[in-house]
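User: I am new to this structure and would like to learn how to read its features one at a time. Could you take me through them with the general idea before each case?

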Amino acid sequence: MRIKPSAFAALVALFLFLLSAPVFAHHGAASYDISKMTTVKGTVTAVQWINPHVEVDMDVTGSMGKAEKYIVESVSPLGLSRNGWTKDSVKPGDQITVTGNLSKNGAHILRLKKIVF
C-alpha cells in the first residue's frame, strides 16, 4: 500500500504541530504563593522590557537594614503598553512600592499586582 503525497504531508504537518505544542505552554502563577500579598518599597536598579514578562529589579532595605535584591515580574510588554505604559514609565533610580505574590521557593521574586510611584 502506497501513501499519497498529500496524506504524507498532512501526517508530517500533524507531527510537527504536536512536537511544537510545548512551546506554547506558559507557567502562570504556579510558582507564586497566591494565598498572601506582600508589599515592599525600594529603588529601581534595572528594567528589562522583554517578553514574556517585563522585569523590574530593585533594592529593598531589609529588616536588618541591609539592601536585598528583588525581581518584580509584570505582565508582557504588550499588556503594559495597552494600559498606557512605555519603556520609560519605570526607570532606574525611581522609588516605588510594589505589592504582589512572592515566590514559593523563598526567592525575592514578586509577581506584580500593584505599583505605587
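Analyst: Let us begin with burial, where a residue counts as buried if its relative accessible area is under 20%, as exposed if that value is over 50%, and as partly exposed in between. His 53 has 14% relative accessibility, so this residue counts as buried. Please keep in mind throughout that the model is predicted.

User: Where is His 53 found, and how far apart are the C-alpha atoms of His 53 and Pro 77?

Analyst: His 53 is found in the loop between S1 and S2, and although His 53 and Pro 77 are 24 residues apart along the chain, their C-alpha atoms are separated by 6.6 Å. The loop between S1 and strand S2 (55-61) also holds Pro 52, which is joined to Asn 51 by a cis peptide bond with omega at about 5°.

User: How should I read the overall layout, and how many helices and strands are there in the protein?

Analyst: The general idea is to count the elements and then to follow their order along the sequence. The protein has two helices and five strands, and their order along the sequence is α-β-β-β-α-β-β. Burial can be read for the whole chain as well: the protein has 117 residues, of which 23% count as buried. Its accessible surface comes to about 8,300 Å², and carbon and sulfur atoms account for 62% of that area.

User: What share of the contacts joins residues at least 24 apart?

Analyst: When contacts between residues at least 6 apart in sequence are taken, 51% of them join residues at least 24 apart.

User: Can you show me individual residues in the strands, and tell me which residues Thr 43 touches?

Analyst: Thr 43 has its place in strand S1 (residues 38-48), and its relative accessible area is 27%, so Thr 43 is partly exposed. Not counting residues up to four places away in sequence, Thr 43 touches Asp 57, Met 58, Asp 59, Gly 93, Asp 94 and Gln 95. Thr 43 and Thr 61 are 18 residues apart in sequence, and their C-alpha atoms are 9.2 Å apart in space.

User: Is Glu 73 buried or exposed, and where is it found?

Analyst: Glu 73 is found in strand S3 (residues 67-73), and it counts as buried because its relative accessibility is 12%, which is under the 20% cut-off. Glu 73 and Glu 55 are 18 residues apart along the chain, with 4.7 Å between their C-alpha atoms.

User: How many aromatic pairs are counted, and why is the pair of Trp 85 and Phe 117 called tilted?

Analyst: The count comes to one aromatic pair. The ring centres of Trp 85 and Phe 117 are 6.1 Å apart and their planes are at 50°, so the pair is tilted. Trp 85 lies in the loop between helix H2 (77-82) and S4, and Phe 117 in the segment after S5, so the pair ties together parts that are 32 residues apart in sequence. Trp 85 counts as partly exposed at 22% relative accessibility, whereas Phe 117 is exposed, with a relative accessible area of 56%.

Technical notes
Residues numbered from 1 in each chain as written. Predicted model: local features only at pLDDT ≥ 70, side-chain atom pairs only at ≥ 80, totals over all residues. Heavy atoms only, no water. Helix = DSSP H or I, 4+ residues; strand = E, 2+ residues; numbered from the N terminus. Buried < 20%, exposed > 50% of the residue type's maximum accessible area, 1.4 Å probe, protein only. Contact = heavy atoms within 4.5 Å. Areas by Shrake-Rupley, 256 points an atom, 1.4 Å probe, with all protein chains shown as cover. Phe/Tyr/Trp six-rings, centres within 6.5 Å; stacked < 30°, edge-to-face > 60°.
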